[in-house]
Amino acid sequence: MPGTGDDVDRYRSDARETRGRWPARVEAAGDHRLGHRLQAARGRSFAGRVAEHDLFRAALDGAVDGLAVLYLHGPGGIGKSMLLGLFAAEARAAGRLVVEVDARILEPGSAAFEAEAAAVLTTDRAVLLVDTFERCQGLEGWLRERFLPRLPVGALVVIAGREAPDPRWTSDPGWTDALRVVALRELAPDDATALLEGRGVPASLHGRLLEFAGGNPLALTMAAAVAMHDVQAPARWEPSQDVVRALLSQLVGEVPTETHRRALEVCAHVHVTTEAVLRVVLGDEAGRMFAWLRQLPFVESNRHGLFPHDVVREALEADLRWRDPMGHQAMHEALDEHLFRRIREAAEPDVLGAVGAFSYLYRDNACFRSSRWNGEGEAQEALFEEQDRSAVVGLAAAAGGDESAAIAAYWLDRQPEAFHVYRLTRTGQIVAFFTWLRLTEPGEETEVDPVVAAAWAHARSVAPLRSGESIGVARFPATQSGPHRHSPVMDLVQRRAMARLMRSAGVAWSYFVLQPGNPWADHLARIQFTPLTERPVVGGRRYTLFAHDWRAQPIDRWHATNKGNERPGPPEAPPGLAVLSRPEFDAAVRDALRSWGRPGELAANPLNRSRLVTEHGETLRGVIGQAVESLHGERNGSKYHQAVVATFLRGVPTQEAVAHRLGLPFSTYRRHLGRGIQLLCEELWRRELAGGSPALLSAGSERRLRLDAG
């Protein structure tokens, strides 16, 4: 029966004769090119898996009737990739077309997989080898039902991954003869010894290495590499410790320099390493260290960059956390800033990937821990199209009732671009959608959508919008399986929501709406989203709105506050910034000018709690002084500058005295002063909204301001 692993047994009786040997016809094929010689050298050190290889060779030769798919599965480090390398060499030696697909390099989705594997559909002499299939396990149904049935008879496919195949493979009688499933286990003692012999390890060290590394091929290979450089090393190993972690602590100790060590640590911490990522931590050494990393036996490469084997990654991370926790934190923060900026700057097609890379830094965080990193490809995101309407409205009805469905239809008519849909790769069925509404002023929707009405009521009562601002409402996170279940679909929705938060320039308030009992409520509270007391009712169900004011806590400060936030209990209160309307802002500027010579009154001015001051590291006097100096850049600006400085900064007792000092008719002086204050308010308002740091004064302009101020 397929899926039992028993198909390998018939080949085990002859396996002992060839244990640890590379097939002769593969070695013979490597006489003319260096690449073949390198592969043959790897093969001579290969041990075990002879029965699995014999099964593959028999399938290659057509000796196993009907066999089309060989499915290998086993834990990390068990030797799946090495075995596929042997299969690739064997198939090429037999004159077959070999197509290799590493799921780690694929973009999510069936289209990317088919683009990589398309050649196998063109000839019955093709062999398709799919490695690390667990990275796109979501494609399994599509592969079984849509892609593989199109193979020419005679083509052969080998799938290798960590997870056993879906039971639907083995329960389908159509696959009974076409599929063989093999569970890869640790090497038997004889095979493990053969591996060490193939690596040239002296027999005197075999016992200690086997005791330490067991039958895990990766651990044995790395242990052999250490032992060959330090024959005394095995005596220092403690077999009671975790095998791979202890092994890697030895390997890390042997890197040439501290810079090499840091490069390894970066490679372990991020999902995929590039020179740009290394440059964040290593600066100008990034290129040299990238070249060194790609030569290491436990670091692999793809078109996105470099990555270590999972076992190696976990051990390197654990070693650094234990050995240098402060160094680990500093590295994490530097990479966090780099990947956070990538999200802000990425082109739209790259946004979800950028969010995924950023989220990977927090894979141990409670919020992301249940994310199915290995389920990528099970679902795909797309913008809403009109033919999706019935599916979207149906999901809204299932999640929230008829009233919710009517509200979804209302927004589909008015903001269809706000909707993203999520389809199962295998069937194309829409199983979820997410909506991010962008609103600039309340209108008829407050009569239609109670959730949006509650958001507008809150924003207007607490801190109204200013010119050019909007609110964002995350609406309808509806899925076929309900909003509470973690899944690859919900992971995509989560990434889209994060992208909206991090890339929504000009949004004053963001709102998320959740049903009671949703576990995301605790997470939103931890990251400074405040639950509102008013709870709107839709279709008889009461919802909770969570709100965040981006003017009081802008995105950069929010990010700095909430990096990896897992703290229970109430959130840390955001800074008490003042969010002023334009009339309030202009009045505060005039009050600050009038209070220029009275520090106590100036300190009480609400502008001291505005973004204008708090984000620039300047005093209120300094910020206003810079803006006053900027009047010189206006047309006729020197006149306005003189009027403002003489009236407020020099402390002249009356406006009549100021006009006299400036030698101007009083009406002309008043016109210059009014225009100067107007320009000053406009410049400061621009800086308040932009949140950008104004240019610092030059030494000369600082001296001139002090002289003008007396």
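Which residue just after H4 takes a positive phi? It is Gly 95, at about 80 degrees.

Hi everyone, a quick word on the ground rules. This is a predicted model, where local features need pLDDT of at least 70, side-chain atom pairs count only at pLDDT 80 or more, and totals for chains, interfaces and linings use all residues. Residues are numbered from 1 along each chain as its sequence is written, and side-chain values use heavy atoms, with hydrogens and water left out.

Back to H4, residues 80-93. Helices here are DSSP runs of H or I with at least four residues, strands are E runs of at least two, and both are numbered from the N terminus. In H4, 10 of the 14 residues are buried, so the rest of the structure largely encloses this helix. Buried means under 20% relative accessible area, exposed over 50%, and partly exposed in between, with a 1.4 Å probe and protein chains only. Among the buried ones are Lys 80, Phe 87 and Glu 90.

Now, aromatics. Rings of Phe, Tyr and Trp (its six-membered ring) pair if their centres lie within 6.5 Å; planes under 30 degrees apart are stacked, over 60 edge-to-face, the rest tilted. The structure holds 19 such pairs. Tyr 71 and Phe 133 have ring centres 6.3 Å apart and planes at 90 degrees, so they are edge-to-face. Both residues are buried. Phe 666 and Tyr 669 have centres 5.9 Å apart and planes at 45 degrees, so that pair is tilted. Phe 666 is partly exposed at 36% relative accessibility, while Tyr 669 is buried at 0%.

One last item, friends: Trp 436, Phe 512, Phe 529, Trp 550 and Trp 558 form one aromatic cluster.

Technical notes:
The expected span of a helix is 1.5 Å times one less than its number of residues.
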